[in-house]
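Please examine the sequence and the three-dimensional model shown here before reading on. The paragraphs below are intended to be read beside them.

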Amino acid sequence: MLKARGLILLGIALTVATIIASEKRYSGYKVYTVKKARNDTEYKALLELQKNFKKVDFWSDPSKRRPTDIMVSPEDLTKTEQFLSSHGLEYSVAINDVQRVVEKENVRSTRQSGMNWRDYQRLRTIHDWLDSLAAFNPQVAQTGSIGRSTEGRNLKMIKLSKNPEKKNPVIYIDGGIHAREWISPAVTTYIIGKLMSLSPQDADLLENVDWHIVPVLNPDGYEYTFNEDRLWRKSRSLHNGPNCPGVDLNRNFDFHWGEAGTNDDPCRNTYPGPYPFSEPEANSTASYLFNNRNKIRAYLTFHSYSQLWLTPYGYTEDLPSDYEELESLGLRAARALQEVYGTEYEVGAPSHILYSNSGSSRDYAKGVPGIKYSYTIELRDQGDFGFLLPPQQILSTCEETWEGVKVIARQVARERPSGPTFSDIYNSIVDRDPDDRTKVDVAGIRLR
Ligand SMILES: *[C@@H]1O[C@H](CO)[C@@H](O)[C@H](O)[C@H]1NC(C)=O
Ligand SMILES: *[C@@H]1O[C@H](CO)[C@@H](O)[C@H](O)[C@H]1NC(C)=O
Ligand SMILES: [Zn+2]
């Protein structure tokens, strides 16, 4: 009897131990901010660091235009510091102990009190909230799903439309494509919350615009960041057996796939997948954007961090032919955002102000379905906390971003076409076969 009880206790102790052990810990990990490379030699040194130090997690990629943040494990600290010093790269410590920052954040996120923007929210809370919005406001809000994730979770979308008969232009928004960027789903849900409770002076935002929003596009990864590894970025697919799961969803789109800013090694954070659209999350997004390209006038995809309002393109330094319009609208949005709390954003194409990347959802949205205003918004901050933005900053980040989104929406409403739209004409000319996106892409560029 006693022996049996002892065994049960031992069993419980072991279970607790495995639960704790399965959660990745970041004790002693540091984040360094490396000053921006001053010349090609320094830039190449950073690239070499990225290539050879496989365990160093680049929170931002090497760039000649901005500082680079890297997270280093305790075992690699000395080696990394030596490498940086010997190449003349100046650095400072942004986070001294990553685990401490993770724990501070987690104390709060375990508090459960329904949907709010004081804490980061679990997937379940977000999805239940969307369903209840739709249930209580069936004349405006509908939930549905654009597909399923690798692990079978819903890629839940909420559609907000007050006047379906008006055939309003649509703004498509997604968040949480990168799992660890928790502020992104917080902002996308805040936008939904605001749209469902508009003040009279903002009523036009729902009168003249429809909104299709997927607040958490990478639900598998998002759950994984709560249960296992706070700093997980990719999807959770298993293309290489159990080793090195996941694909960078924002490199998996079939538009200049696998070119600049990707890494063929499945263990790396910018692995674009074994082939384009290998990931259902990216594929479902693309199908939705493509099939609704007649209606969608703006695509906003929320990431963190760096405070950037990014236009296409990332894969090339060539700019879209209407770049000036995209830049000027982006600048207006950034100005409205800044007026709230003084937060400064930079506006431009990633290949010009950041670094190149290819196979992104933003480039795809612009390059294939031809969605005019396609932007990636890199939310707060500029590296003080990076992905671990403290919960105290959630609400202010949401409030200021909302002002920027309103500027985009009003522009889209103002440009509401009368008569046949560009897309109508365009779609009557080019091949409509959704499986042949390349043909449409080429035709689209020629038409523009
Ligand atoms: C690169 O810049 C650093 C700092 O200004 C300098 O020490 C180094 O000599 C430069 N290297 C080259 C090849 O210009
Ligand atoms: C991508 O979506 C298309 C259209 O919905 C579908 O036919 C295709 O099987 C999907 N591909 C993958 C890899 O999931
Ligand atoms: Zn991201």
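This is a predicted model: local features need pLDDT of at least 70, side-chain atom pairs count only at pLDDT 80 or more; totals for chains, interfaces and linings use all residues.

Residues are numbered from 1 along each chain as its sequence is written, and chains are lettered from A and ligands numbered from 1 in the order in which they are written.

The secondary structure of the protein comprises 15 helices and 13 strands; helices (H or I, at least four residues) and strands (E, at least two) are DSSP runs, numbered from the N terminus. Of the 448 residues of the protein, 45% are classed as buried. A residue is buried if 20 or more other C-beta atoms lie within 10 Å of its own, exposed if 12 or fewer, and partly exposed in between, with C-beta atoms placed from the backbone. Two residues are in contact if their C-beta atoms, placed from the backbone, lie within 7 Å. Among contacts between residues at least 6 apart in sequence, 74% join residues at least 24 apart.

Strands of a sheet pair through backbone hydrogen bonds, either parallel or antiparallel. Here two strands are taken to pair if DSSP finds at least two bridges between them. One open sheet has four strands in the order E2-E3-E1-E4, with antiparallel pairing. Strand E2 (57-58) and strand E4 (91-95) stand at its edges, each with a single partner strand, so one side of each has no neighbour in the sheet. Strand E1 (residues 30-34) pairs with E4 in the antiparallel sense over four bridges, and Val34 has Tyr91 in E4 as its bridge partner.

Another open sheet contains eight strands in the order E5-E6-E8-E7-E10-E13-E11-E12, and its pairing is mixed. Its edge strands are strand E5 (141-148) and strand E12 (346-348), each of which pairs on one side only. Neighbouring strands of this sheet are turned by 20° against each other on average, direction ignored. Axes are lines fitted to C-alpha atoms, for helices over the stretch in contact, and angles run from 0 to 180 degrees between N-to-C directions. Within the sheet, strand E10 (residues 296-304) and strand E13 (residues 373-379) pair in the parallel sense over seven bridges, and Phe302 stands opposite Ile377 in E13. Helix H10 (residues 323-341) packs on the sheet, touching strand E11 (308-310), E12 and E13, and its direction makes about 165° with that of E12. Helix H13 also packs on the sheet, touching E7, E10 and E13, with its direction at about 160° to that of E10.

Strand E6 (residues 154-160) pairs with E8 in the antiparallel sense over three bridges, whereas strand E7 (residues 170-175) pairs with E8 in the parallel sense over five bridges. Trp211 stands opposite Leu160 and is also the bridge partner of Ile171.

Val214, which lies in E8, counts as buried because 29 C-beta neighbours lie inside 10 Å. Val214 touches Ile146, Leu155, Lys156, Met157 and Asp174, not counting residues up to four places away in sequence. The C-alpha atoms of Val214 and Ser145 are separated by 8.6 Å, although these residues are 69 apart along the chain.

Two packed helices are described by the angle between their axes and the distance between the axes. Helix H6 (residues 183-195) and helix H13 (residues 394-414) pack at an angle of about 60°, with their axes 9 Å apart. H6 is therefore oblique to H13; angles under 35 degrees count as roughly parallel, over 145 as roughly antiparallel, 65 to 115 as roughly perpendicular and the rest as oblique. The contact involves Ile183, Ala186, Val187, Tyr190, Ile191 and Lys194 of H6 and Ile394, Thr397, Cys398, Thr401, Trp402 and Val405 of H13.
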